[in-house]
Structure formats: C-alpha cells, structure tokens
Amino acid sequence: QVQLVESGGGSVQPGGSLRLSCAASGSILKINTMGWYRQAPGNQRELAAVIVSGGTTNYADSVKGRFTISMDNAKNTVYLQMNSLKPEDTAVYYCNVDAIIRGFVAPVRSWGQGTQVTVSS
C-alpha cells in the first residue's frame, strides 16, 4: 500500500517551464524505480522519464534534452523538471513507483492520481 502525491502541474505557454514532484509514502523498504508517464486524450499512456535508485535515468526521445528527472531518496520523492515545453507535451502526467513494500512478497507498482500539464498560447 503506497500513496503517491503529485504536485506542480498547471498551464504554461510554449517555451515555458514546470517542475513536477511526486512524494511516495507507506511501508517502503526500498524504491527500485520511480518514473513519470503521460497520457494525452486519444493517445496511449507513454513513459516520459524513469530513474532508478542508483541514479540511472532514461528518457523518451521526445523529451530528451528538455526534461530532467531526479530523485531525493531521503524523501522518497521524484521530480521532473520540464523546460522548453511544447504543446505536444500537453497531457496528464502520472507518477509511478516500483518498490519493495513491507509484508509483500514481490515488489509493488503504484500509480499517482495524475496531474494536468497544459502547454498553450
């Protein structure tokens, strides 16, 4: 049972910036990965960025060079710094965590409630 609280979404003009944050809480023994997925109307949910606890990151080609994912292990929080935003980035962004939870045999994958990012003039 992991709860993810997201914040930082909103509306911005093209070329602007936003920073999303996602704080995980619960009986977490170890976080394996945290990431951000996004879904626009009519589209499938896609991975935007992911980070493992050791610091390794991976990005979708569409956001490379513009987005930066980072994690504060002490706070169980992941951030997504989004720069040079484009209208194509408009979507609901969902935080995801894969973690080892106390009392569970296998790692647990949990989703946040989603936060809206709108990029328009």
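This is a predicted model: local features need pLDDT of at least 70, side-chain atom pairs count only at pLDDT 80 or more; totals for chains, interfaces and linings use all residues.
Residues are numbered from 1 along each chain as its sequence is written, and side-chain values use heavy atoms, with hydrogens and water left out.

One aromatic pair is found in a search of the whole structure; rings of Phe, Tyr and Trp (its six-membered ring) pair if their centres lie within 6.5 Å, with planes under 30 degrees apart counted as stacked, over 60 as edge-to-face and the rest as tilted. The ring centres of Y37 and W111 are 4.9 Å apart and the planes stand at 65°, so the pair is edge-to-face. Because Y37 belongs to strand β4 (residues 28-39) and W111 to strand β10 (residues 108-111), the pair ties together parts 74 residues apart in sequence. Strands (E, at least two residues) are DSSP runs numbered from the N terminus. Y37 is buried at 17% relative accessibility, whereas W111 is partly exposed at 37%; buried means under 20% relative accessible area, exposed over 50%, and partly exposed in between (1.4 Å probe, protein chains only).

The charged end of R45 sits over the ring of W111, 4.8 Å from its centre, and over that of Y94 at 3.8 Å. This term requires CZ of Arg or NZ of Lys within 6 Å of the ring centre and within 35 degrees of the ring normal.

In strand β8 (residues 77-82), five of the six residues are buried. Strand β3 (residues 18-26) runs antiparallel to β8, joined by six bridges, and L18 stands opposite M82.

How values were computed:
Helices (H or I, at least four residues) and strands (E, at least two) are DSSP runs, numbered from the N terminus. Two strands pair if DSSP finds at least two bridges between them.
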